[in-house]
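Thank you for letting me take a few minutes of the meeting.

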Amino acid sequence: MYTLEQIFEALGKVENGGTMVADLQDAIRNAREEAAKSRIEKNKILDQLNLRQGDDVDGALKNLVATLAAVQSAGGDPSQLGVQMTELQKQVKELTDKYNASEEKAKAEHAKRVKTAIRSELISALTNGKAIQPEAMLKIIEGNVSIGDDDKAVYKAGDKSLSIEEGVKGWLKENPWAVKAEIQPGAGGGSQGGAGKTYSYEDLKGMSREEINAHWEDISKGISKGAEK
């Protein structure tokens, strides 16, 4: 196969060869420019269709042609396909957002119902255990309760998992200051009523177990109503 240089050299040796070489060079240049222009236009179309990213451009084009042919055969208008797809995507997003919002609302309402039921069960257990001010004690122990996947409440006492009733009963036993004192009629002279200190719930919160035990004689006489807030 002859190279262009060899062809140009041969043409230059014949009559009017120079003119023929110039004409041939112009024809080659025009062909290259047309090819470059065509390639640029093709790449613009491929970029708009987002088809120039993959390795198999020809395969992607064939799939696109097949899709457009299917749309036409179904009576559709390929020129409106982009608008239709955009509208469809918008509708899908709206439906998805509504579904997610509904799911979140349902989860929040369910969690609220479960929490209300657990608080009610804790209050009941504290009341049955004769706790002083059950509502105030609830704030101390409700963090010990966790919810399983089956929505079952579990009271955590160290490494033990107990029912709420068992957990509250054990907690009250370990914290006798939180239980109402059993006052016997006529016990203790009235003249000594002002001798001891009256403790509030806030006082107890700041005391260690050793301090509570050390002052149990006064604490057992009852907690002032100033504890409840």
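Predicted model: local features only at pLDDT ≥ 70, side-chain atom pairs only at ≥ 80, totals over all residues.

Which side chain meets that of Asp-97 in a salt bridge? It is the side chain of Lys-93, at 2.9 Å from N to O, where a salt bridge is a side-chain nitrogen of Lys or Arg within 4 Å of a carboxyl oxygen of Asp or Glu. Residues are numbered from 1 along each chain as its sequence is written, and side-chain values use heavy atoms, with hydrogens and water left out.

By the rule I gave, there are four salt bridges. Asp-97 and Lys-93 both sit in helix α4, residues 81-128, four residues apart, or about one turn of the helix (helices are DSSP runs of H or I with at least four residues, strands are runs of E with at least two, numbered from the N terminus). Lys-93 is exposed, at 52% relative accessible area, whereas Asp-97 is partly exposed, at 38% (buried is under 20%, exposed over 50%, partly exposed in between, with a 1.4 Å probe and protein chains only).

Another of them joins the side chains of Asp-26 and Arg-29, at 2.2 Å from N to O, and these residues are three apart in helix α2, residues 17-48, so about one helical turn separates them.

Finally, the side chains of Arg-119 and Glu-142 meet at 3.0 Å, N to O. Because Arg-119 lies in helix α4 and Glu-142 in the loop between α5 (134-141) and β1 (145-147), this pair ties together parts that are 23 residues apart in sequence.
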